[in-house]
Amino acid sequence: IAGVGDEVAEKLGFEKVSEEFIGECKSKAVLFKHKKTGAEVMSVSNDDENKVFGIVFRTPPKDSTGIPHILEHSVLCGSRKYPLKEPFVELLKGSLHTFLNAFTYPDRTCYPVASTNSKDFYNLVDVYLDAVFFPKCIEDFQTFQQEGWHYELNDPSEDITYKGVWVWALFPDNTYGVDSGGDPLVIPKLTFEEFKEFHRKYYHPSNARIWFYGDDDPSERLRILSEYLDMFDASTAPNESKVEPQKLFSEPVRIVEKYPAGDGGDLKKKHMVCLNWLLSDKPLDLQTELTLGFLDHLLLGTPASPLRKVLLESGLGDAIIGGGVEDELLQPQFSIGLKGVSDDDIPKVEELIMSSLRKLAEEGFDTEAVEASMNTIEFSLRENNTGSFPRGLSLMLRSMGKWIYDMDPFEPLKYEQPLLDLKARIAEEGSKAVFSPLIEKFILNNPHCVTIEMQPDPEKASRDEAAEKENLEKVKASMTEEDLAELARATEELKLKQETPDPPEALKCVPSLSLHDIPKEPIRIPTEVGDINGVKVLQHDLFTNDVLYSEVVFDMSSLKQELLPLVPLFW
């Protein structure tokens with residue numbers, strides 16, 4: 001794999017911080033720092049043609065006005081070089097992208113894109129970089145209105161309501177206690193000034209983590225980046241965007257909230273209850289994290305997993321809520337509960353969860369279940385089969401889970417050694433000695449537990465709506481005739497702008513591929529044709545991370561038609 005010479009990096013304004021070969025994904029990974037701004041870049045080179053780029057900013061909100069989410073949508077509404085209403089809609093018409101999206105986490109905003117065609121890939125990278133650093137929305141009040149109010153009218157479903165309460169209760173003292181997606185009652189309080197300031201402060205190279213992955217030229221990556229990054233000076237954003245850990249509670253908390261339930265069905269049976277633990281006040285080491293992942297799979301990962309099975313077979317509720325271990329934020333959490341519970345069964349659900357966990361800590365897990373779990377997790381780590389989601393993006397998100405908190409971006413990509421160590425520990429000490437102490441420490445003896453009970457309330461939705469309406473009425477009542485006329489005019493202007501197509505000269509600036517940018521030759525897969533005892537065997541020598549795939553095909557043409565439906569009996 002070709003690398004970037006130190007002098008080339010230096011000339012483009014970057015210094016090499018560290019470099020590793022990562023066998024797990026057969027890649028050479030180099031961490032660079034942009035000298036002028038401090039922007040960090042992970043440049044991962046391998047022979048994967050599905051190239052991935054991502055730029056991620058740490059964006060912890062101070063309140064629930066939803067700035068991070070509104071901004072994520074707004075920056076995609078035209079930029080300095082691409083002054084269209086929706087450059088991406090146009091871009092997609094002439095692109096071969098394999099992924100293009102953006103997402104807001106509670107503490108970061110990601111803009112990833114992928115393509116197998118190099119020219120297309122760099123076009124997309126350029127449009128994304130221009131969008132995040134020089135968006136039109138920070139000068140354009142109308143985009144702010146359009147994207148800000150646009151969410152206000154969306155109705156949150158019951159699950160979102162529950163998730164909001166759970167996160168807010170578990171993290172009362174840090175940024176996770178507010179809603180990065182926005183609370184409909186708080187969104188209207190957001191001002192254009194705050195919106196602009198949030199962009200100025202956090203959408204800055206000093207606060208960025210940039211990821212490149214694939215078979216493109218690593219020097220070209222730095223060249224494209226330097227054009228943008230060199231326009232900025234260092235800022236204090238990284239200090240201001242630091243996520244502070246939530247301190248652990250000394251005793252458990254119980255919260256009862258109402259959620260908007262539909263009128264249908266028996267409301268008595270529409271309660272939800274969920275137990276949530278914050279597992280640690282600091283990030284865990286890789287070994288503990290991996291072991292917790294196994295424990296999570298053992299408890300809940302398959303229909304036969306003991307905790308899942310006992311809850312579903314109890315008949316106390318309709319479905320499981322709480323996804324077990326969640327570890328993509330600064331501190332890991334564990335949550336489990338049931339929905340569709342009747343009012344008087346709530347204590348029974350809580351008791352069943354606790355007694356099942358106590359029993360598992362005392363008795364341990366079935367040996368076969370531990371082996372099966374080990375096999376499943378190792379297989380999924382090795383195969384890294386992400387379906388239509390690019391592999392390089394899945395690795396980026398994995399790496400970002402540590403890197404965004406100023407930890408080692410290489411570590412999450414390397415699982416071979418921790419996996420070997422864990423297997424050796426289980427072989428030597430037995431699985432009970434490995435997993436029982438974790439259940440005891442992180443769950444049974446952990447006082448930072450929040451129990452959330454959600455009660456159905458058919459009137460809640462209309463009450464919230466009425467409160468919102470009253471808010472708007474108050475605003476309206478405080479406005480003069482001139483204000484109202486101005487509001488009507490601005491609304492009309494926004495509508496007109498939304499309906500007016502982009503001028504042809506603006507459309508011309510969007511890059512698109514032409515026929516000669518597309519390779520004429522298909523990709524050839526290495527194929528060796530052999531023969532074993534007169535049977536034709538095709539072999540393909542590819543890097544599959546020690547996973548062997550085989551397919552045996554029989555010719556069924558000699559079988560009578562009416563017998564074909566019986567063939568599956570032999571599978």
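For surface areas I used the Shrake-Rupley method with a 1.4 Å probe, and for residues only the protein chains shown count as cover. On that basis the protein exposes about 29500 Å², with carbon and sulfur atoms supplying 55% of it.

Before going further, I noted that this is a predicted model, where local features need pLDDT of at least 70 and side-chain atom pairs count only at pLDDT 80 or more, while totals for chains, interfaces and linings use all residues. Residues are numbered from 1 along each chain as its sequence is written, and side-chain values use heavy atoms, with hydrogens and water left out.

**Overall fold.** I found 19 helices and 15 strands (DSSP runs numbered from the N terminus: H or I of at least four residues for helices, E of at least two for strands). The radius of gyration is 27 Å, close to the 25 Å from the globule rule for 571 residues, so the protein is as compact as a globular protein of that length. That radius is taken over C-alpha atoms, and the rule is 2.2 Å times the number of residues to the power 0.38. Along the principal axes, the C-alpha atoms fill a box of roughly 85 × 70 × 60 Å.

**Packing.** I read that 46% of the 571 residues are buried (under 20% relative accessible area; exposed is over 50%, partly exposed in between, with a 1.4 Å probe and protein chains only). Of the contacts (heavy atoms within 4.5 Å) with a separation of 6 or more, 78% join residues 24 or more positions apart.

**Salt bridges.** My next stop was the charged pairs, and the structure holds 37 salt bridges (a side-chain nitrogen of Lys or Arg within 4 Å of a carboxyl oxygen of Asp or Glu).

Glu10 pairs with Lys35, their closest N and O atoms being 2.5 Å apart. Glu10 sits in helix α1 and Lys35 in the loop between β2 and β3, 25 residues apart. Glu10 is partly exposed at 42%, and Lys35 is partly exposed at 43%.

Which residue does Glu20 meet in a salt bridge? Its partner is Lys414, at 2.7 Å from N to O. This pair links strand β1 to the loop between α14 and α15, 394 residues apart. Glu20 has a relative accessible area of 25% and Lys414 one of 26%.

I also noted Lys33 with Glu40, at 3.6 Å between the closest N and O atoms. Lys33 is partly exposed, at 31% relative accessibility.

Last, I marked a network of salt bridges linking Glu378, Arg382, Glu416, Lys423 and Asp546.
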